[in-house]
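Hi there,

Here is the structure I said I would pass on. Have a look at it first, and my notes on what turned up follow below.

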Amino acid sequence: LDEQKSPRESLAEQQSRIPPRPGTDRAMAQPARPAHGLTVLLGQQQRPEINGNFVLSFGKETLQTTAVTPQFQKNVDYVDFIYLNILEKKVLNNSEVSVQYLCSKPCIVSLEAVASSEFRTGVPVYRRRWKDEKNLYVSRTRQVHLKFPNIMVYRDDYIIRNSIIVHSVILYAWISHRSASNYGDEQNEDYQAAVAKNYTFLEAVPPFERPYKDHKVCLQWGADYLWMLQANRIPQCPHETDGVHVLEFIYASSGEKTGIVKKFEQFENRELETVRQHQVDYPMFTISIWLYLLHHCEKDLCGILYFIDSKEMYGTPAVFLNEEGYVHIQMHLMRGDDLAVKTSFSLPLKQWFRLDLSFKGGQIEVSSVGKNLKRHHHQSFTEDFYYDDTAGYFVLGGSGYVNGIEAFFGPVKYYRLNVLETEQISNPLHDKDTVEQIELYYERCMDIQEIVYDYRYIVRQGEKTHRSCYYENYYLELIHKYGEKSKCDAFMWGKELREKYHTLFKLLQEMDFSSPDVVEVGRRIFEKVVKGLSSANGLSNLGSSVPLLVDSSCCGYHKASYFLAVIFETGLGVPVDRIKGLLYSLVGAQGNERLSVMNLGYKHYQGINNYPLDLELSYAYYSNIAIKTSLDQHNIKGEQAFVETIRLMDDELLKAQTKENGDVFMWLKHEATRGNAAAQQRLAQMLFWGQQGVAKNPEAAVEWYAKGAIETEDPVLIYDYAIVLFKQNQMCDLRLLFSFPKGLPQAVNGLGWYYHNFKRDYKKAAKHWLLAEELGNPDASYNLGVLYLDGIYPGVPGRNQTVAARYFYKAAQGGHIEGTLRCSLYYITGNMEDFPRDPEKAVIWAKHIAEKNGYLGHVIRKALNAYLELSWHEALLHYILAAETGIEVSQSNLAHICEERPDLARKYLATDCVWRYYNFSVSQVNAPSFAYLKMGDFYYYGYQNQSRDLELSMRMYAQAALEGDSQGFFNLALVMEEGNSIPSYILDHLEIDQALHSSNTSLLQELYYRCWNNSNQETISPCSLALLYFYMRVLWNNVLHSTLIYFMGTFLLSILVAFAVQSFQSLSGKYVP
């Protein structure tokens, strides 16, 4: 039933109370209901009445007969009318309606039923008409049986497959005159041209209240059986609405080129999807965004929310912020080009507000609403644009195309099919405690920054005054240069402010203000605090250090923000405060502190510590650090170290750790000086990346690379040396380049890089990269992908993103950082055919790269060095900082320290350290087997306040077994020995065939065998002893149940009885007289 497009009503009638005629374009219109009963008279003529409320009628009316009518005088003026009377208002098949009418001329009486659903209006579903040429001036009544389509009146069955939900049905009736002059011609029988008309409403019956239809046919047995299986099963429609929560938790946008990616699929609900498709050419949607804006855009435009289509082009809408704080809205128009408009109002800074954007056809409305939901600004634009929200993806914040805004995003709601006024939008600002804490934090920070600025200005002004005094006095100049620095002893601030920030004023007096800015002041405060915390018993002073860390954070040094987040979330030296922990995590992440960003990414990935599970939000954080990881590796500055997996339980690795004055390093240096190529390479790697406890020193590394390349002519050292020079934008000796052996993959890749970067010879570059790619070099795979992506691959016109993506994927499988980043982006957007959208896989790949960040490695290295030096307080502090970012090795190491020093953990941590971090560890994809065994023991015995859970214990043991740990199989066997059964899903997980091992004996044998098979078979292990003992028990049980044992028992019993009888007889013979 197609929706009619052309209107049949006049403008005057559309404005009247008469409901729209079938086929009008007033979609979703709700007609006014009749005022009285089931019979309504509409039109300009009035119903004739005699004696009050009685209708003029002559003779007796029957069902289908005409009343006997006397002849009236021709000058009597009669008015045509028509009435509808229905006993049962419901839409049923063969419903009966009584039509009463009077014609003053030959006429045609018409009936038409029009149905409307959510996405179609004015669809005719029943028509009936008849002529009346003889019975003029007589009131007649005719009974009509309405017949509706089956899908409107019956339930679904094997033949009627798709019943529809009808919202309203209107039954129209009207009379049209036929003139005698053109009696045989088609006349205008339209409702609007009728001389008399009427309508009434019918009540639609819900689909599951309708009867089944008797089709009077016999189904085949198979079809009848299939139908009976589902006949009484009511399908559960998915609860689906056009209102979508794009973001429900606060997101800290640091202004980087990363943001939240959301992709919308087609509606599962057929009615909603039909509406969406109809609105592609006439968009109707609303977006509501809560923001706490810190700065306007520093350069060009910054992304708030925008749509990227399947061709990676900006679509509609694209909402940006400019340098002046105005909202810039870009649209893709119906005619194919783009248009941008700008609001006349700017967005406020450092206060929560809601930005509402509504799009209706070509009309755009933008509103700014405060926390009290009072509208501050409103503006409208009019442009026709194209919109399909399934043909691409949305981005909140930044992306590879534009930087994001520096702000906190609050809840974001998107109404896909409706235009709503400000008062109608349901998008409350949740988590009001955190919202208020953010406002209070920045209010405090404004005070602190103002104090620092003013204090710095006063000190510098004093220095200028002093300098003018000793300008020509050499002695005073030396005192100024080498003596105590200037400070301000007399404060101009009030007593209340000095008492409120007394720790800050005290530190400012001790600080040198010759050059530092506000961030530098924060760094110095932070370093002083960390120095105190890292000392012996330093954690005991943690409570008094919190105000100083707050001051450092407010000065813009956000390492302090992350310290505060960890302190309050874990209860390190202070009571646990989740709200403050979240506050400083968000503040640190907004300030681009790497550990804070990773902390939020990890918490949203796992959905722990009251952080909601949100993969898109987790990806926004992890991708930020993943991109920085690639850049940080090329930056020789900063406190970075190589991220190494060193477990505190691994004594061999711990012994290999060294320093510049350590035995291992000194021995390597000695061998390298003697010309040992392997020692030179290892020494250079340790210095270049900061590995094995050695501080990062790229300059010294280059010297060792050069020495090894020139003196030993080792191909690996030659390659490393050339690449180091390339990365530092230096040209190396071409003889080194072309001395690479042809079989060395990385060397061949280096030659391709040389031709690409320095010679711009893409043909030779591609030739070398293809050869290196065949040899298994992931760098070459990535470089080939770049050629295809940039459209410069020799002989291939234009860009080819599909082929490029395949090369990137191959590079990612080889561990290439940039290739992995590209693939994670493909998985989160779902815009590539070979990469269906998979947010979880995108997060895992981005997390894998982010965890290689050198700044994180520096924290882990400090924790390990402190542990090796038995500096327990410093080790505990830095391992907590690393563990809260989601680094598994730090989590298991921290749990080990808490087991090793339980007194330290109980004294300074409000949370159960061992349980918390082993639990975090087993939630990771790369968890070690011993962590699963630990958690399995905790669940088996019941750890402290945790209740005993045998099933979870077996799950942990099974996971350890899957990791190849024989102890996992051994523990599962012991659990069975105690009379417990292993759930079938765990056996399936272990790939144990339950049909082959249906008995407990067979299952135990399989577990013990796998235990022995996964252990060291060259030595006697607990598994081998357990397996031997099991076989002995089986053998003994078999012997006990054999027929031989019954025979031997009977034989021995017979001998015993015979011996007893004989003894009795011999004793009896002695006493015979």
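Helices (H or I, at least four residues) and strands (E, at least two) are taken as DSSP runs and numbered from the N terminus. On that basis, the chain has 38 helices and 20 strands.

Some ground rules before the details. This is a predicted model, so local features need pLDDT of at least 70 and side-chain atom pairs count only at pLDDT 80 or more, while totals for chains, interfaces and linings use all residues. Residues are numbered from 1 along each chain as its sequence is written, and side-chain values use heavy atoms, with hydrogens and water left out.

**The chain as a whole**

Of the 1073 residues, 49% count as buried; buried means under 20% relative accessible area, exposed over 50%, and partly exposed in between (1.4 Å probe, protein chains only). The chain exposes about 54000 Å², and carbon and sulfur atoms supply 52% of that area. Accessible areas come from the Shrake-Rupley method with a 1.4 Å probe, and for residues only the protein chains shown count as cover. As for contacts (heavy atoms within 4.5 Å), residues 24 or more positions apart account for 64% of those in the chain with a separation of 6 or more.

**Strands**

Two strands pair if DSSP finds at least two bridges between them. An open sheet of three strands runs in the order S1-S2-S5, with antiparallel pairing. Its edge strands are S1 and S5 (139-146), each of which pairs on one side only. Neighbouring strands of this sheet are turned by 20° against each other on average, direction ignored; the axes are lines fitted to C-alpha atoms, for helices over the stretch in contact, and angles run from 0 to 180 degrees between N-to-C directions.

Within that sheet, S1 and S2 pair in the antiparallel sense over six bridges. Tyr 83 has Gln 100 in S2 as its bridge partner, and Leu 84 has Val 99 in S2. Five of the six residues of S1 (residues 81-86) are buried, so S1 is largely enclosed by the rest of the structure.

Elsewhere, S9 (residues 251-254) is covered on both faces: Tyr 251 and Ser 253 on one side, and Ala 252 and Ser 254 on the other, are all buried. S9 pairs with S20 (residues 406-415) in the antiparallel sense over four bridges, and Ser 253 stands opposite Ala 407 in S20.

**Two loop residues**

Ser 104 sits in the loop between S2 (95-102) and S3 (107-116). Ser 104 is buried, with a relative accessible area of 12%. Its side chain and that of Asp 80 are joined by a polar contact of 2.6 Å. For that term I used a pair of N or O atoms within 3.5 Å; within protein, one must be able to donate a hydrogen and the other to accept it, and residues adjacent in sequence count only if both atoms are side-chain atoms. Leaving aside neighbours within four places in sequence, Ser 104 is in contact with Tyr 78, Asp 80, Leu 136, Tyr 137 and His 177.

Glu 324 is placed in the loop between S13 (314-321) and S14 (326-332). With neighbours within four places in sequence again left aside, Glu 324 is in contact with His 296, Lys 342 and Ser 346.

**Salt bridges**

A salt bridge here is a side-chain nitrogen of Lys or Arg within 4 Å of a carboxyl oxygen of Asp or Glu. By this rule the count comes to 29. One of them links Arg 354 and Asp 356, whose closest N and O atoms are 2.9 Å apart; Arg 354 and Asp 356 are both buried.

Another joins the side chains of Glu 616 and Arg 837 (3.3 Å, N to O). Glu 616 lies in H14 (residues 615-632) and Arg 837 in the loop between H25 (817-829) and H26 (839-850), so the pair ties together parts that are 221 residues apart in sequence. Glu 616 is buried at a relative accessible area of 14%, whereas Arg 837 counts as partly exposed at 25%.

The side chains of Glu 888 and Arg 647 also meet in a salt bridge (2.8 Å, N to O). Since Glu 888 lies in H29 (residues 888-900) and Arg 647 in the loop between H14 and H15 (651-656), this pair ties together parts that are 241 residues apart in sequence. Both Glu 888 and Arg 647 are buried. Finally, salt bridges that share partners join Glu 273, Arg 276, Asp 388, Asp 389 and Arg 416 into one network.

Best wishes
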